[in-house]
Amino acid sequence: MAAGLELASLHDSLESPVSESMNFLNEVSHRYPDAISFAAGRPFEGFFDLDGIHHYLETYRRHLMDRYGGDEAAVSRTILQYGRTKGIIHDLIAAHLRVDENITVDPESIVVTVGCQEALYLTLRALRRNDRDVLLSVMPSYVGVHGAAQLVDMPILPVRESGDGIDLDDLVSVVERAKASGLRPRACYVVPDFANPSGTRLSLESRKRMLRIAAEHDFLILEDNPYGLLGDPSGPPTIKSLDGAGQVVYLGSFAKTGIPGARVGYAVADRLVRGPHGGTESLADQLAKIKSMLTVNTSPIAQAVIGGKLLENDHSLRAANTLEIETYRSNLRQMLDGLGSRFGGDGSARVSWNTPAGGFFLLLTVPFAAEDDLLEVCAQRHQVLWTPLHHFYADSTPRNVMRLSFSHLLPHEIEEGLDRLAGFIREQSQD
Ligand code: PMP
């Protein structure tokens, strides 16, 4: 038999706990198909509409027919041929950002990507020039940012979390220490609205201060915002809408508000980039160069479907998601009430949880280390799943915290799931 490859001879990221995280969690849910899952952070499927796809595609086709004065060959080419690297629905995305987020950007500064995850990868790839370049991120953080950073060999310097998201005093100290030791912090990754995993929301004051810190210390803010539209419209504005200098790269996803299976996301990257001879291009143009060597272009068919959904809703995904928004809010209320009625009365505070104002997630603190082996025990004996928090630190150190996701569940599943979880926690607390 031919000798195999040594894992140690392949890219470092393949040996990291992050690359095991998704496999492990998917594998557990496959082995316990009847378990109620507070682990999967997926959109609600109750409003999925397969026929809607044809409808959206037709709407976008008619839109192109108008644009191309009835030239059917040009319309077919746009949807069926290899396409523009930066995408074909950038104008509709710019309109959506104006309507829903009060963000005004030149459509040319938008790169349409294969999900937000590709946008994150492209941005980090562009920013990581050499060993001095590092990323800043609050810990715990979305698994995908750990994964993308590892793929481009970019270390993450952890910043402390605070009640509303990120501890900005700690951010300043981390940046100053990094610079003093010769490192170059290129960007700070943040999910200001209903973060994954912690559900926190950054205050307006913190958003403004973060922008000032980034400008003063010359790093970019990577604002990842898949959940913001699902919250209260009177909440704080996006950091991007406060940014007049291209300091913020805004990472968008249509997975939670459009159609997850379309795999369409985008980056808004309007920071100017100076060339060696004094000419300028945008950061978006640099991301497009990398994209042209990675995924070439985002499927125009998938973009057309998302484009049709935007057109049919006057560019507003808030309007397109009124039923989904109500479902997510009501699930969150039910979770908080359900935790209160099961764990609230004993006064011992051995089980506690945070109270996000929206999004898909909350954190539950329990009196034991909520680690992978216990998840397995819980799945087997109690048929309920959750995510151990260490996955969001990209390490294997057990912590007493679980991430609970409630976005895709029906009310009776939430009740039953919380009963099962309470049974498990009672059992573990007696051990
Ligand atoms: N950012 C965050 C914070 C997420 O939670 C997710 C998905 N769970 C993504 C990005 C990925 O988005 P997409 O599916 O568009 O790649």
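**Loops, ligand and overall form**

Me: Between which strand and which helix is the loop where Pro140 is found?
Reply: The model is predicted, so local features need pLDDT of at least 70 and side-chain atom pairs count only at pLDDT 80 or more, while totals for chains, interfaces and linings use all residues. Residues are numbered from 1 along each chain as its sequence is written, and side-chain values use heavy atoms, with hydrogens and water left out. Helices (H or I, at least four residues) and strands (E, at least two) are DSSP runs numbered from the N terminus. The loop that holds Pro140 lies between strand E3 (133–138) and helix H6 (143–151).

Me: What is the phi of Asp218?
Reply: Asp218 is placed in the loop between H8 and strand E8 (220–224). This residue is not a glycine, yet its phi is positive, at about 60°.

Me: Which residues come nearest to the ligand?
Reply: A residue counts as near if one of its heavy atoms lies within 4 Å. Of the shell around the ligand, helix H5 (residues 115–127) gives the largest share, three residues. There are 14 residues around the ligand, and the nearest are Cys116, Asp224, Tyr227, Ser253 and Arg263.

Me: How much of the accessible area of the ligand does the protein cover?
Reply: Polar contacts (N or O atoms within 3.5 Å) include the side chain of Tyr227, 2.6 Å from a ligand oxygen, and that of Lys256, 3.3 Å from a ligand nitrogen. Arg263 has a polar side-chain atom 2.8 Å from an oxygen of the ligand. On its own the ligand has 400 Å² of accessible area (Shrake-Rupley method, 1.4 Å probe). The share that the protein covers is 90%.

Me: What radius of gyration does the protein have?
Reply: The protein has 14 helices and 17 strands, and its C-alpha trace spans about 70 × 65 × 55 Å along the principal axes. The globule rule for this C-alpha radius is 2.2 Å times the number of residues to the power 0.38. With 431 residues, a compact globule would have a radius near 22 Å, so the protein agrees, at 22 Å.

Technical notes:
A polar contact is a pair of N or O atoms within 3.5 Å; within protein, one must be able to donate a hydrogen and the other to accept it, and residues adjacent in sequence count only if both atoms are side-chain atoms.
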